[in-house]
Amino acid sequence: MKRTAQQLLALGLLALAGAAQAEVTAITGATVHTLGPAGTLTNATVLVRDGVIEAVGVEVPVPAEATVLDANGQVLTPGLLAPISNIGLVEVSGVGSTNDQRLKDTPVGPAFSVRHGVNRFSVLFGVARTGGVTRALAAPEPGPDVFAGQGSVIRLDGAPASVTAPDRVLVAALGERGADRAGGSRARALQSLLQGFAEAQRYGRSNELSRRGLASGLSLPYYDLEALERALSEKQPLWVHVDRAADIEALLAATETLPLPLVIVGGAEAWRVAPALAAREVPVVLDPLGNLPESFDRLGARLDNATLLHEAGVTVAFTELVGHEVRELRQYAGNAVAQGLPWEVALAAITRVPAALWGEGDRLGQIAPGYRADLVLWTGDPLELTSWARWTMIEGQRFDPGSRQLQLRDRYRNPAQRVLPPGG
Amino acid sequence: MRILKPWVPLLGVWALTAVAEPAPAPAYYEADPSRAGALVRGEGPLPYSSRYAPEPSGAVLIENATVLLGDGTRLDEGDVLFDAGRIVAVGQDLAAPAEATVVDGTGRWVTPGIIDVHSHLGDYPSPGVEAHSDGNEATAPVTARVWAEHSVWPQDPQFPLALMGGVTTLQILPGSANLVGGRGVTLKNVPARSVMDMKFPGAPHSLKMACGENPKRVYGRRRSAPSTRMGNVAGYRESWIKARAYQAKLDAAAESGEDLPDRDLELETLAGVLRGEILIHNHCYRADEMLIMLDIAREFDYKITAFHHATEAYKIADVLAEEGVCGALWADWWGFKMESNDAIEENIALMEQAGACAIVHSDSARDIQRLNQEAAKALMAARRMGLPYDEALAMRWLTQNAAKALGIEDQTGTLAPGLMADVVLWSGNPFSVYSRAERVWIDGHLHYAAGPDGLRPTTDFDLAQTPAGRGEARQ
């Protein structure tokens, strides 16, 4: 396709306009929890240029063109990150037609990618932002296969390119959940997982010509084999839903030679095998409120799981949440602190650590030069439930509290009036 | 205006006891007016009645704490004295009786025991396996004949976890599969061999009703009624028509001395509602449906005590205030089905603003452990919109208002002198995420104390398979 001169000129002007209107914002007078080497700074300035953090410090000069946001001593943190969720994939949980997180009976396992189902116009995004959450891993829920599929990192600002890191992690389920998907035995679930990788390795070693013949003799279809092959060659993180300590041990033993980094999701009994997890450097995305022995996989569940793991040298992140509840991340972190986890470690578990587990640790989860300007200004301690987010910034764009919920609130501030005010 | 006929005790039964002379105790007596015509053999406690007996307790004086009395008031540097299971006084510089246990409350907060008006503990115990699924008699849309207490497994390991969250009283309700789900029961959160040993003495029974999606989904999928919201409403009305007829027969028999109608568990429960003895706790999300339920209550002349979940209560907060109907509400649950899609974080705040009775409830074995935190979220939402609410007021959502909805506000729910000494000592402000219940007294007896040398109930189920102190803070 040929571009006309006029079009080229227009493009050039747009580029110039972009350069001329560099968006510069300075947040001044903030107590900044950088989550990076700079630690916590008081009365600090964060300079944001074109959606990226340019400088952080107590003596950062504020350029004349900067829009200044005076924090008045309030607390600035990185945007909160939901390490694994279905936000963007589910609008109303009980309405099946709005749920694109899981397959019912279609035989697609590792190749199932949710990235094409993300709805950037979801009303859940505004609710999440109002709660200080800026990004999430939109992940598939285990369906008919032990492999749930591919999870993608998404941003919650509603911008067109909401999927920022497609197919970043491979999700699977073992234990009770896996057993349901593998003929009824958890032993077979782990076998299926290993078998998938073994077949993918054979498939990957074969040449194009022999692949067709080979594939017919393997248990997985070619698309799933290719997804697993890619996982192996790219060392894609393998996130495994598993709670029971014995199942975690079996997983660790069976995957010693598997070249993928493992992440445990759930891990209700992970504290029981903390040294083994520490030795293998396997992080755990856990639920610090999950102390109910609600299944036989979770009889050992306890509130101080995170503390015990941290003390053993295991990295922890919080937590798997449905999209509607991602704003509760800070409650999970706060409760972990009440159970003995250091405050900074708890805040990292909902910021820096999820970013690292997504392979985005060099651009998300910290307030440091070169990082995306995902920031939240809080009225107080962000882990206290009586605090709230004054505003949330995603890649430099500031969002005041705003959601369909807040519009409903404002409409019914005076419910007795006969004619309801219009929405915003 | 509601007119309730006082229900006359059954003359026939009295006659029988008279014949049984000279037995030292009545050989036959009527167990419970709501079970019309019941003839019960032998001595001992009435069948299914509370056999809760408070553990022995002495005097306890908590000194120099921040006290939230549960009635909306607060006392700084306050003392709380209780003795023989009852609150004696809240004040400053109270004198300790000679043999009182003195507890240093410096830096700590004291509140009444938390009351959860919506729980399924014991009916849906952990582990949540099918063999334990005892909360919904989803075999017919109207099952007023079932009683939630008859499903309660006292060894549910969730009970002690709720205790560690400061919950001293809880109402166990049937689930919401049915239009009329059955009777609920109010329990003291104490270790017991039987549900009767937990039953809150003198607490009225409740009746669980459910609006909306759940009943119509459960039965509609079976191609039986109800399958629509209009089907739901027809179902309620048909039940009340039968109940009215049954009550008329009871009244006529009482008047004339003639034979009572045959016993009918279903109608005994419904008639108990019409007589005002059984309180309606109505699962209902949408504002428009709640307004229809209020019309049904007018048609059949009964009272709805509380709407539960009521995620749209804020849309009709003025009406609920006017009608005196409580809202038992979540702080922030939303979006899990269509009828919860308009839930907002300010639901409780807007109910309070309208002068309605707002209650924070759990309906969850998880959240019952942290109802104080749910109230903190509601307080945040209130303050974010500029309402000047404080901790003292918010504590009412967890205690006094809840007690009112259970019909036990003259026994617990505040720290007023003479009430049950159901008391929680918190490590700090209970609206802080970092605070934990350190000690919990029920009727003046210490049932939970945090710490390595602490005291925590352990259920049979917990033995040898769950970690001790799974719910405990490490402070």
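This is a predicted model, in which local features need pLDDT of at least 70 and side-chain atom pairs count only at pLDDT 80 or more, while totals for chains, interfaces and linings use all residues. Residues are numbered from 1 along each chain as its sequence is written, and chains are lettered from A and ligands numbered from 1 in the order in which they are written. Chain B contains 11 helices and 18 strands; helices (H or I, at least four residues) and strands (E, at least two) are DSSP runs, numbered from the N terminus.

**Chain B overall**

- Of the 475 residues in chain B, 55% are buried; a residue is buried if 20 or more other C-beta atoms lie within 10 Å of its own, exposed if 12 or fewer, and partly exposed in between, with C-beta atoms placed from the backbone.
- Residues are in contact if their C-beta atoms, placed from the backbone, lie within 7 Å. Among contacts in chain B between residues at least 6 apart in sequence, 69% join residues at least 24 apart.
- Chain B is assigned domain 1 (11–41) and domain 2 (113–413), bounds that come from an automatic or database domain assignment. The C-alpha centres of these two domains of chain B are 33 Å apart.

**The eight-stranded sheet of chain B**

- Eight strands of chain B form an open sheet with mixed pairing, in the order β8-β9-β10-β11-β12-β13-β14-β15; two strands pair if DSSP finds at least two bridges between them.
- At the edges are β8 (114–119) and β15 (358–360) of chain B, each pairing on one side only.
- From one strand to the next, the twist averages 25°; axes are lines fitted to C-alpha atoms, for helices over the stretch in contact, and angles run from 0 to 180 degrees between N-to-C directions.
- Within the sheet, β10 (residues 180–188) and β11 (residues 206–210) of chain B run antiparallel and are joined by four bridges. B:Gly182 faces B:Lys208 in β11(B).
- Helix α9 (residues 371–384) of chain B lies across β8, β9 (167–172) and β15 of chain B, at about 130° to β15(B).

- Helix α4 (residues 229–256) of chain B has 28 residues and should span 40 Å at 1.5 Å a residue, which agrees with the 41 Å between its end C-alpha atoms. The expected span is 1.5 Å times one less than the number of residues.
- The buried residues of α4(B) include B:Tyr236, B:Trp240 and B:Leu250. Among the elements that cover the buried residues are β10, α3 (213–220), α5 (265–274) and α6 (287–300) of chain B.
- B:Gly257, with a positive phi near 80°, follows α4(B).
- B:Arg217 belongs to helix α3 of chain B. B:Arg217 is partly exposed because 15 other C-beta atoms lie within 10 Å.

**The contact between the chains**

- Chain B contributes 43 residues to the contact and chain A contributes 37 residues.
- Helices α2 (158–164), α7 (317–323) and α9 of chain B each supply at least two residues of the side of chain B that touches chain A, and α9(B) gives the most, with six residues.

**Hairpins of chain A**

- Strands β1 (residues 24–33) and β2 (residues 40–49) of chain A run antiparallel and are joined by seven bridges. They form a hairpin with six residues between them, and A:Leu35 in the turn has a positive phi of about 60°.
- β2(A) also pairs in the antiparallel sense with β3 (residues 52–57) of chain A, over five bridges. In this hairpin two residues lie between the strands, and A:Asp50 in the turn has a positive phi of about 50°.

Terms used. Contact = placed C-beta atoms within 7 Å.
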